[in-house]
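Hi,

Here is the structure I promised to pass on.

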Amino acid sequence: MARMEKVSFVGEMAAKLGLDEKYVIPYGRDKAKVDVAALAEKKAQGKLILVSALTPTPAGEGKTTVSIGLAQGLQAIGKKVCLALREPSMGPVFGRKGGATGGGASSIVPGVSINLGFTGDFSAISQANNLLAAVIDNALFYHTTRLDPTKVTWKRVMDMNDRALRSITIGLNRNGVPREDGFNITPASEIMACLCLCSGVEDLRNRIDNIVVGFTADDEAVYAREFGVTDSLLAILLEAVNPNLVRSLEGVPAFVHGGPFANIAHGCNSVLATRMALACGDYAVTEAGFAFDLGAEKFLDIKCRQSGLAPDAIVIVATIRALKMHGGVNKKELDPANPEAVRRGLANLGAHIQSAKLYKRPVTVAINLFEALDTEEEIAEVKAYCAEQGVGCAVANVFGKGGEGSKELAAIVAESIENYAAEPFRCLYELDIPVKERMETIAKKVYGADAVVLTKPALKKLALMEKNGLTNLPVCMAKTQNSLSDDATLVGRPTGFTITVRDFEIANGAGFLVALTGEILRMPALPKEPAAKDIRVTADGTITGMKG
């Protein structure tokens, strides 16, 4: 894990960003928050680069590492650049995936701090979420709400993977109103989505007011504003609204703020952090969770629709090893050169390239290099395929060489922006079509599905949403990240499949409708051997063994 050298961080970053120091709020020697009031003086000017990837595999793709490396590469070729990234959740840190601060020479620092609570944003989001939950159950106990106890939809959250808390019973032994309940992980909280999509404190207030927490016995929606605690939630969240500022190993400023997952939520860092990066740099590099079918589609159809943001270029990250896995090679057999398997796996990359082209922006493929393993012949397969698809392609040795190793990628992306006559941005679908058609548009055009099927419970829930006028919203598809389909076992580019929607959840304050597909769950579980077992703390307080 990269560690931060001792520097005058606040003064250095304020000068680099052109910010008055009064807006930079220190959190120790190596991180800060930036007051959103700075945006009133610095309007967005930069070009926005969205980094996505092919479908994840156990071999790893390194999307965040490439995002950081690309930003460092842009700096290396003389561009003024900022990063806008998500904050890591401690669920994956201690679970299966590890942290999310990049790797090798393309890391943001201080990595351990960022992965372990950072400036307290996730804690604030959890506490605000759970205060609302506590007030709801208190109102049920005192019979001061029209909410039906059997129709409460608002769940408690914690920032940890814990399968035992997915379904629980609360209020036993005369301690409240007994009812079934459960926990989500903090990145799935609607408070997280509200904070990440808001334009400021007043917008956040309106979003919290409009959260639907459940329904009456007559199936009328009940809103958070009815409980009179919106300002208390805002008080908890007030500091969390301000984006966090750190930097990469090569000194690229990085706004790291918000952290919804893309498989169960909308998967993007905050609008405020993205705007701050655009205001402070000629280029802003951001990433969206998992592959293009999840994070990038939601970035474009939810975040951009709500905020007015739009990317100027799209980068799709691939590795030779991931392509081999999509080509049918077992993880244990990835080391030997296998151009034929790479060729087969390119179908998955092709699906994401085609999806990216739907949004009318220049597309570049970044081959994240495994220096000791990837062969020229395998790389040539990818470059030839990208040429056939009419998209740029560059090898990026971001892990080993940082900015120096990604100068070619940076130059290609910058040139693609400069030479592209940008068309007005358009989302994939409009909101004046039925909900099922919105989902079918995503499923057919992005996933490659034949159709979308709704189960009886999903149809019933959709009718409930329609009755309450809650469906004039974009759709956030909750789907496995491991496949273009809703079946995690189907790698490559599956065909002849349908997407099954088994339920809906409403995120009215955040401004989207969540469609639950397959077996996706909003509280992950720990694996048999969690990453938590690998972490060690030395006598001098050094933390080792943390992935990412």
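E418 is exposed, at 51% relative accessible area (exposed is over 50%, buried under 20%, partly exposed in between, with a 1.4 Å probe and protein chains only). Its salt-bridge partner is K79, at 3.5 Å from N to O, and K79 is partly exposed at 27%. By salt bridge I mean a Lys or Arg side-chain nitrogen within 4 Å of an Asp or Glu carboxyl oxygen. E418 sits in helix α15 (residues 407-418) and K79 in the loop between α2 (63-76) and β4 (81-85), so this pair ties together parts 339 residues apart in sequence.

Before you go on: this is a predicted model, where local features need pLDDT of at least 70 and side-chain atom pairs 80 or more, while totals for chains, interfaces and linings use all residues. Numbering starts from 1 along each chain as its sequence is written, and side-chain values use heavy atoms, without hydrogens or water.

There are 28 salt bridges in the structure. D121 and K33 form one of them, at 2.9 Å from N to O. That pair joins helix α5 to strand β2 (residues 32-34), 88 residues apart. D121 is buried at 3% relative accessibility, and K33 is buried at 1%. (Helices are DSSP runs of H or I, at least four residues, and strands runs of E, at least two, numbered from the N terminus.) D137, R156, R179 and D181 are linked in a salt-bridge network.

Cheers
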